[in-house]
Amino acid sequence: MPDISAAHSDAADPHRHGGPGGAGEPAEPPARRTVLAATAGLTATLALGSLGSGRAHADVPHEPEGVNGEGNGNRNGHGNEDRLRALISRMSLEQKVGQLFVSRVYGHSATDPDQADIDANLTELGVRTAAELVEKYHVGGIIYFTWAHNTRDPHQIAGLSNGIQKASLARPNGLPVLIATDQEHGIVARVGRPATLLPGAMALGAGGSRADARTLGRISGTELRALGIRQDYSPVADVNVNPANPVIGVRSFGADPEAVAGMVAAEVKGYQSAGVAATAKHFPGHGDTAVDSHTGFPVITHSRETWETLDAVPFRAAIRSGIDAIMTAHLMVPALDDSGDPATLSHPILTGILRGQLGYDGVVVTDSLGMQGVRTKYGDARVPVLALRAGVDQLLNPPSLDVAFHAVLDAVHAGELTEERLDASLLRILRLKARLGLFDEPYVTRRGVDRAVGTESHLHAADRLADRTTTLLVNERGLLPLSRRTHRRLLVAGADPASPSGTDGPPTVVLAGALAELGFSATSLSTGTAPSAATIAAAVAAADGMDAVVVTTYNVTADSAQATLVRELAATGVPVIAVAVRNPYDVAHLPDADAVLASYTWTDVEVRAAARVLAGKVRPRGHLPVAVARADDPEKTLYPIGYGLGY
């Protein structure tokens, strides 16, 4: 989905929290028998093909919320269709409707969030806590966000997950909750350090290794599962052929549909190997738009033939790989459906093409229903009903859960939706929960967190992956790699975009520190994404006496002050190296730089990898996964796909 699942921004979130553990977490985790007892009733119920009277769930533990017990899940679960249908047959209509929703909720704890989060929940959801949300609406899924204060630290996240599961399973006929998040890595990451943060999609596309994409999925999935997060809204399967795309960009593996398809399929396999559901997004393809569907309604003008040979290719690969879920896009593709409806609400696209032509029978989840792209034509009460009629299974993060919930209920009562239609989606959702082991072991453990999250081997693997992604685009007069004998004194200036997860950066400081560790004398100076004349003058003054200047750039355009900064620094005669920390397209607007690298992401793992390339510790091995057009003539290519220099 576009980079947030609601109209919020991690970067704008003023509330940052830290500290160990979650509220009420026990100092010593209970024995393994606690988990077995907690899930025995539910598993027995499923095995018998009956929900029973609720008595089967009486063994759900009532100790304080926290990371409980010991054990690991079973991806296969109890997948017997008859048993799952029996579960559905014993659910009330309200339970069925609730299972279709995946909601946000504020707070670090399921039962004891901070007062500010209680207030936010009351305002937006009409409940105080996650536990109350599950009780009132029977939600089948919850999505974690940084700005909702769900992801402070690993033990807290695990405790929150366990608290949510306990609240749901304690209900009569309670079912486990499918907890999800957007952990794409790169510029979209909800779970931050000390968890492992890996290179983003376009960086991996530059590396070109499907094995690395699979490794990312395995590491990310292993850590998410340990935290109780069983579904990741990743990978991005969009083919980014529009340099002006404001919302996909480096979240895509690149512009070559076959290359993107290979990386998508590999990452899916990695997540599956870790027992976490992967989600390919954003169907039918969000890679060629200049409009952000958070704030507008994009229209994709591709012909049907272009769509078949470009946008559809990675989704076909994902389906062949057994993708667990596919997320819809809030955009219009007239060649696929000329009704004017967004794809999320399009029966021809979701049922006719995705399910019919492509043969997909897994879970279909909407992008956030709070985004403008799906709210432009219809009201918030119509959108969830139309989405279900179109073929959607899960309704993600509606702006008002109460309005959406009752709209679906009313549609069933009025005969616009049938219970049989709901049952078909429920069966897909329950199949997924069973396959992920949620009916066997819904809880996670403190020991499991410590064994899996941010381990030395995972962090080392992240560095290895990053070392294969940095792309050298310009290297005049063989300036790079820098020599400590001739270019020891360095100024690191430039843009410092906010950390995607709120747990690393700023890039200039990290880059200067990494170069210092490699034997250089490096000073950092943040000049921002739109440096003023005074800021540029200060940077020029700071460059006096330096052997070289490294400038981090972020989404440079023709009239960008960042280009002016590079030009004026170059005019001093000091060698200037630009590191494009987001879009590689920056290079077209930086003709005055003596060397240009693309890191594709400004997170620590990529910035440090760029430092190792600058210092010659590793060779630049990345190659452009997108083409870069000339600044003076966008119809002509400056650097083609596959371009990259070496040492």
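**A tour from pocket to sheet**

The lining of the largest pocket divides into 10 nonpolar, seven polar and three charged residues (Ala, Val, Leu, Ile, Met, Phe, Trp, Tyr, Cys and Pro count as nonpolar, Asp, Glu, Lys and Arg as charged, the others, Gly among them, as polar). This is a predicted model in which local features need pLDDT of at least 70 and side-chain atom pairs count only at pLDDT 80 or more, while totals for chains, interfaces and linings use all residues. Residues are numbered from 1 along each chain as its sequence is written, and side-chain values use heavy atoms, without hydrogens and water.

Select P243, A244, V556, Y585 and H589: of the 20 lining residues, these lie nearest the centre of the largest pocket. A pocket is an open set of points on a 1 Å grid over the protein atoms alone, where a 1.4 Å probe fits, with protein on both sides within 12 Å along at least five of seven lines; lining residues have an atom within 4 Å of a point.

Next, select the six-stranded open sheet, ordered β11-β16-β15-β14-β12-β13 with mixed pairing. Strands are DSSP runs of E, at least two residues, and helices of H or I, at least four, numbered from the N terminus; two strands pair if DSSP finds at least two bridges between them. At the edges are β11 (471-475) and β13 (521-526), each pairing on one side only.

Go to β15 (576-580) and β16 (595-598), which run parallel and are joined by four bridges. Here I577 stands opposite A595 in β16.

Finally, select Q95 in helix α3 (93-99). Q95 is buried, at 14% relative accessible area (buried means under 20%, exposed over 50%, partly exposed in between, with a 1.4 Å probe and protein chains only). Leaving aside residues up to four places away in sequence, Q95 touches R90, H138, P172 and N173, contact meaning heavy atoms within 4.5 Å.
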